[in-house]
Amino acid sequence: MPSSATLCLRTAANLTRASPKARFLARTFASSTRRCEINKVLPSAEEAIKDMRSNSTLLCGGFGLCGVPDTLINAVEKKPNITGLTAVSNNAGVPGSGLGKLLASTQIKKMIASYVGENKVFEQMYLTGEIELELTPQGTLAERCRAGGAGIPAFYTPAAVGTVVQTGELPLSYNSDGTVKEYSKPKDVKVFKGKTYVMEEAIDGDYAFVKAWKADKLGNAMFRFAANNFNAAMGRNAKTTIVEAEHIVEPGEIDPAAVHLPGIYVTSVIQSTTEKNIEKVINAKSPEELKAGALGSGDAASKRERIVRRAAKEFKNGMYANLGIGMPMLAPSFVDPSVEVQLQSENGILGLGPYPQKGHEDPDLINAGKETVTLKPGAAVFGSDESFGMIRAGRIDLTILGAMQVSAHGDLANWALPGKIKGFGGAMDLVSNPDRTKVVVTMEHTAKGRVKKILNQCVFPLTGKACVSMIITELAVFDVDFTTGLTLIEHAEGVSVEDIKAQTEAPFKVSESLRVMQQ
């Protein structure tokens, strides 16, 4: 009878005549007199990607610069023969970092992402026809990746109903002169229990690049804090998943209950050799400094503080709340100390704490605005797919966000301006369940002091239809009924109903109990 070692070698030899993945796995087998040892650790990123092909779909973990597999991305950049990639990621990093490098090297032909953000290179390449972009709501993107890894070809979601995502009016690519070359296709819709949902297809990945804190030789991986984000969902959903880990440990050194990505999904593991970066370092400040920095100065600051103070009144003890960047993030500063609220961030945090003290920033702890944060005692961290699951299911009691326009019946537009593109981020998901999540908009009443923002109908592309429950401006507070329209319930001191009418396009009723704005 052949020895165990001989059988292992024969098995490896047979595997080399099988599929590419099987051949790759064969190289991880070592012989011993008692068993075949699985060792998925490879000596370098270059070795891990040596069989990577052009025109593949690459799933890339990360949110901003947090949890980004930079070592693997850098290795691809050094192989200019790998081209035509379809890259799937929340965003494309920044110029000179993350997937921004593969945009600059023109190795990516198409991005599937939720956010362009401040990456001007990405925005310009898209608007001038150098790259295709399939914008996808952030929660939908996470679920498309999770579904693909779970063998689910499609699913229905409430996010993006009635928007360009559903209707097929989203530009996928532009001509060099700025005209639209190709639009997206309309998506199927279906009604469940009286509510409309959009059908989304799962994403199938050829390769997944995953950034882990720890990984063992079996491929089991563990993420740290907000660096989980898209990494786990993407790692489960590719023919070849490569984990780059900060620490490579022996099997058993990761608590089994702490394994976020089981080794069954992982093809190989390499040592991460790149430094972690932080996109936006924000440090703890006194309440006065914080307000001054975010609110500005002079009359504009006074207006914004009035808005934020009123928004803080919407927090109730025991609430779970999600806050947009900018003014909404300041609202907790004005909440009465007797009111305890748990803040959720869609990149995978429940229990957001204040900004860190200088010198105590952690690149694995950022909020949805890519800013450094801390965790409160009792906080929980998780992947983006779970984060948006709790959002879509209405587990979030309150979301406060900004807007460019709001319609008379609660339609919201806050993601695109003519000639500019930021992306959806998580907003379409956050406003997708207004029956269970109260959506409050905080914004200045007009743009540049003259352009009306509360309209009969939104002119800019919608984030959501019939989703805004309350509008708070420096002039007024409106309750929104999706059927009957706006009701003015509060006015700023010294501001008359006629003043408000003059700066509001949409008609509104005046509450019989109209009062001065709460502060």
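Where does R450 lie? R450 sits in the loop between β26 (446-447) and β27 (451-452), where helices (H or I, at least four residues) and strands (E, at least two) are DSSP runs numbered from the N terminus. This is a predicted model, in which local features need pLDDT of at least 70, side-chain atom pairs count only at pLDDT 80 or more, and totals for chains, interfaces and linings use all residues. Residues are numbered from 1 along each chain as its sequence is written, and side-chain values use heavy atoms, leaving out hydrogens and water.

**R450 on the surface**
- R450 counts as exposed because its relative accessibility is 62%; buried means under 20% relative accessible area, exposed over 50%, and partly exposed in between (1.4 Å probe, protein chains only).

**Helix α13**
- Helix α13 covers residues 384-392, and its buried residues are S384, S387, F388, M390, I391 and R392.
- An α-helix has 3.6 residues a turn, so residues three or four places apart point the same way.
- The cover over the buried residues of α13 includes α7 (138-149), β7 (154-157), β16 (320-323), β17 (342-345) and α14 (427-430).
- Just after α13 comes G394, with a positive phi of about 80 degrees.

**A284 and its contacts**
- You can find A284 in the loop between β15 (268-271) and α10 (287-295).
- A284 is partly exposed because its relative accessible area is 30%.
- Although A284 and P354 are 70 residues apart in sequence, they are 6.8 Å apart in space, C-alpha to C-alpha.
- Leaving aside neighbours within four places in sequence, A284 is in contact (heavy atoms within 4.5 Å) with Y355, P356 and Q357.
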